[in-house]
Amino acid sequence: MVQCAFLFLFAEVVVSPPFVFLPVVKGLLRPDFQVAAQNCWVRRGGAFTGEISAEMLVNLGIPCVILGHSERRSLLNESNEFVGDKVAYALSLGLKVIACVGETLQQRESGSTMAVVAAQTKAIAANVSYWDNVVLAYEPVWAIGTGKVATPAQAQEVHLELRKWLHDNVGAEVAASTRIIYGGSVNGANCKELAGQPDVDGFLVGGASLKPEFIDIIKSATVKSQP
């Protein structure tokens with residue numbers, strides 16, 4: 001599976017293939033595209049067969065890693081605290097981190113979306129002292145690979161609340177400068193409307209990144225610059 005993060009602020013495209021393809025993809029991409037790993041281990045050294053250490057990524061010249069993806073949280077039971085520890089260690093080695101948060105359908109229907117997302121963000125924020133190397137990715141679990149997508153209003157609502165949380169708990173400067181991207185069945189048909197939301201700063205794209213419509217998703221970065 002390939003994940004692509006598209007961050008509007010600097011028209012930055014980050015491609016995140018499975019680990020075994022990282023060197024190949026890194027060698028094939030044009031230089032203005034970056035490469036990210038889909039995950040890394042939580043600490044240095046030890047007998048953790050099959051895990052990919054942050055040191056390995058640094059040695060390969062991979063600048064960025066996605067952490068806390070919903071599938072790792074749900075299928076591998078990664079807790080908020082564990083994700084926070086991963087973020088801390090990756091940042092300590094100079095990696096940039098795309099840190100994922102998001103709620104399940106059951107949590108949304110019970111009205112606990114913001115409580116869940118705030119708890120996940122709190123565990124990440126507790127381990128971050130320098131926010132320039134952190135991007136938050138809001139990915140509602142119920143909209144990943146299902147064909148469902150949060151409406152632009154739903155996405156904006158959560159992104160705005162996340163920014164308010166950062167403002168109240170970290171600081172106004174961090175809240176204003178931290179990019180919060182949306183992930184959840186983004187495609188060529190819905191990207192422009194989502195991109196037009198004031199607090200949506202980019203996308204974390206799954207399946208659509210393997211299709212020609214990914215070009216349309218990248219071009220949606222121009223929506224905010226149009227009069």
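Trainee: How many bridges pair strand E5 (residues 96-101) with E6?

Mentor: Helices (H or I, at least four residues) and strands (E, at least two) are DSSP runs, numbered from the N terminus. Two strands pair if DSSP finds at least two bridges between them. Ala99 has Leu136 of E6 as its bridge partner. E5 and E6 run parallel, and their bridges number five.

Trainee: Before we go on, what pLDDT do side-chain atom pairs need to count?

Mentor: Residues are numbered from 1 along each chain as its sequence is written, and side-chain values use heavy atoms, without hydrogens or water. This is a predicted model: totals for chains, interfaces and linings use all residues, local features need pLDDT of at least 70, and side-chain atom pairs need pLDDT 80 or more.

Trainee: How many of the five residues of strand E6 are buried?

Mentor: Buried means under 20% relative accessible area, exposed over 50%, and partly exposed in between (1.4 Å probe, protein chains only). In a regular strand, side chains alternate between the two faces of the sheet. Val134, Leu136 and Tyr138 point one way from E6, Val135 and Ala137 the other, and all are buried. So E6 (residues 134-138) is largely enclosed by the rest of the structure, with a buried count of five of five.

Trainee: How many residues does the largest nonpolar core have?

Mentor: Such a core is a set of buried Ala, Val, Leu, Ile, Met, Phe, Trp, Tyr and Cys residues joined through side-chain atoms within 4.5 Å. Leu57, Val65, Val87, Tyr182 and Phe203 have the most contacts inside the largest one. Its residue count is 54.

Trainee: How far apart are the end C-alpha atoms of helix H7 (residues 152-169)?

Mentor: The expected span of a helix is 1.5 Å times one less than its number of residues. For the 18 residues of H7, the span should be 26 Å. The model agrees, with its end C-alpha atoms separated by 25 Å.

Trainee: Which residue forms a salt bridge with Glu12?

Mentor: A salt bridge is a side-chain nitrogen of Lys or Arg within 4 Å of a carboxyl oxygen of Asp or Glu. Here the closest N and O atoms are 3.0 Å apart. Glu12 lies in strand E2 (residues 12-16) and its partner in the loop between helix H8 (172-177) and E7, so the pair ties together parts 167 residues apart in sequence. Glu12 is buried at 13% relative accessibility, and so is its partner, also at 13%: Arg179.

Trainee: Is Arg44 buried or exposed?

Mentor: Arg44 forms a salt bridge with Glu55, with closest N and O atoms 3.6 Å apart. Glu55 is buried, at 16% relative accessibility. Arg44, at 63%, counts as exposed.

Trainee: How many salt bridges are there by this rule?

Mentor: Lys86 and Glu78 form one of them, at 2.8 Å between closest N and O atoms. Both are buried. Arg72, Glu78 and Lys86 are linked in a network. The count comes to nine.
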